[in-house]
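This report is meant for someone meeting the structure for the first time. Please look over the sequence and the model before reading the notes that follow.

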Amino acid sequence: MKNERRSFIKKSIAAATVAAFSPNVLLAATRPVKEKLGVALVGLGYYSTDLIAPGLLNTQHCELKGIVTGTPSKIPTWQEKYGVEDKNVYSYDNYGDIANNPDIDVIYVILPPSMHKEYTVRGAETGKQMWCEKPMAPSVADCQAMIDACNKNKVRLAIGYRCQHDPNIQAYRKVVKEQRFGKVKMVNSAAGYFERRTDHWKQSKAMGGGVMGDMGVYAIQGARMATGEEPISVSAHTMTTRPEIYHEVEETATYLLRFPSGAMATCQSSFGVNMNHLQVNYEKGWLKMEPQTGYGGNRGSMSDGTEIYTPVKRQQPLQMDNDALALMNNTPYIAPGEEGLRDIRVVEAVLKSGANGSCEVKL
Ligand code: NAD
């Protein structure tokens, strides 16, 4: 009887796993098990070139196998540097042909935010697993469409929230979970840098620019992760000190988030000010992180003398390995599409409040 039951459970798990995966993953089940998942990068700009492709050289569970680009002149350099084979090079037009490429298991979208929805939906339709950079998309509606497309095609979507994979960030999340210093009372969360470019997608509304999608999601995450709660209302002030550059989108935003427990967070995000810190005041103590969102080197301290510092050179290999393992083991992603949407919900509220005289926007 016991054995029958065990075998039934085993079969049920196998059936559930099969149901959760796409035809491509099912096909893969009939091939020898891969030690590393093959990743194709869509968009070969700064982040792909300087962080993600070099980061993939330091991963254990995934590797760079393909590229998708609209700029043919970039192809030889990438092929030479990373050994990408001709058959794994795509343009934006034949992107969908990845469906038939067994070398590629995961598509990672690293384009301007306004293009995330289209390339995630098209990617999901190939049946490959999807990773997408932050901000997930310029609107909650786009984020939902991306989640829906992945669900419909039975593939899984992760957002490139590298910080959530950093043990230093995980350390401060644990403090609130364990109620080490009691309840959270007040948070200050800031993320900004001086953006020198003047004609980039970061200054274009149509391309999904503006500081809120860029540095804003980090400041919001600091507040959400430090409280362990989702905000229930937002009051914001948006502004620019360089109207000749930031006339379509906001250069700076300051905003107040209120949480269900009564905790409050004041947040600042800017393309005009260098800042990167988190301060959390609890009933019986405090915690500080500075920087809080670096690629590496995030560190902090607590009122009881505890230091938060685990050396992390770069978060990206950690992120991609964790996400690859989640796919291989069929375990949850640390930052799935739903997590990307949560931040964009707050971003939308900040922009709405900022455009309406800092009125309180309920969430
Ligand atoms: P980038 O401008 O350097 O690169 C964008 C790429 O998109 C380029 O290869 C460009 O050729 C391509 N592209 C295709 N169509 C385009 C169009 N119509 N207009 C502009 N570019 C077009 O940008 P980036 O800094 O690499 O950012 C790409 C994504 O990565 C963004 O979502 C950004 O927020 C994200 N990012 C994340 C981090 C992080 O720490 N997680 C850091 C940097 C960037």
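## Overall build

Helices (H or I, at least four residues) and strands (E, at least two) are DSSP runs, numbered from the N terminus. By that rule the protein chain holds 10 helices and 15 strands. The model is a predicted one, in which local features need pLDDT of at least 70 and side-chain atom pairs count only at pLDDT 80 or more, whereas totals for chains, interfaces and linings use all residues. Residues are numbered from 1 along each chain as its sequence is written, and side-chain values use heavy atoms, with hydrogens and water left out.

The radius of gyration, taken over C-alpha atoms, is 21 Å for the protein chain, and this agrees with the value near 21 Å for a compact globule of 363 residues, the globule rule being 2.2 Å times the number of residues to the power 0.38. Along the principal axes, the C-alpha atoms fill a box of roughly 60 × 55 × 35 Å. Of the 363 residues, 51% count as buried, where buried means under 20% relative accessible area, exposed over 50% and partly exposed in between (1.4 Å probe, protein chains only).

## Surroundings of the ligand

The ligand is surrounded by 21 residues, each having a heavy atom within 4 Å of it, and the closest are Tyr-46, Tyr-47, Lys-134, Arg-162 and His-200. This shell divides into 13 nonpolar, four polar and four charged residues, with Ala, Val, Leu, Ile, Met, Phe, Trp, Tyr, Cys and Pro counted as nonpolar, Asp, Glu, Lys and Arg as charged, and the others, Gly among them, as polar.

An N or O atom in the side chain of His-200 is 2.8 Å from an oxygen atom of the ligand, while a polar side-chain atom of His-116 lies 3.2 Å from a ligand oxygen atom. From Leu-111, a backbone N or O atom lies 3.2 Å from an oxygen atom of the ligand.

## Helix H3 and Gln-315

Helix H3 spans residues 46–56, and its buried residues include Tyr-47, Ser-48, Leu-51 and Ile-52. The buried residues of H3 pack against several elements, among them strand S1 (37–42), strand S2 (62–68) and helix H9 (315–329), where contact means heavy atoms within 4.5 Å.

Gln-315 has its place in helix H9 and is buried, with a relative accessible area of 0%. Not counting residues up to four places away in sequence, Gln-315 touches Arg-162, Cys-163, Asp-166, Gly-294, Tyr-295 and Asn-298.

Definitions and conventions
Polar contact = N/O pair within 3.5 Å; in protein donor to acceptor, adjacent residues only side chain to side chain.
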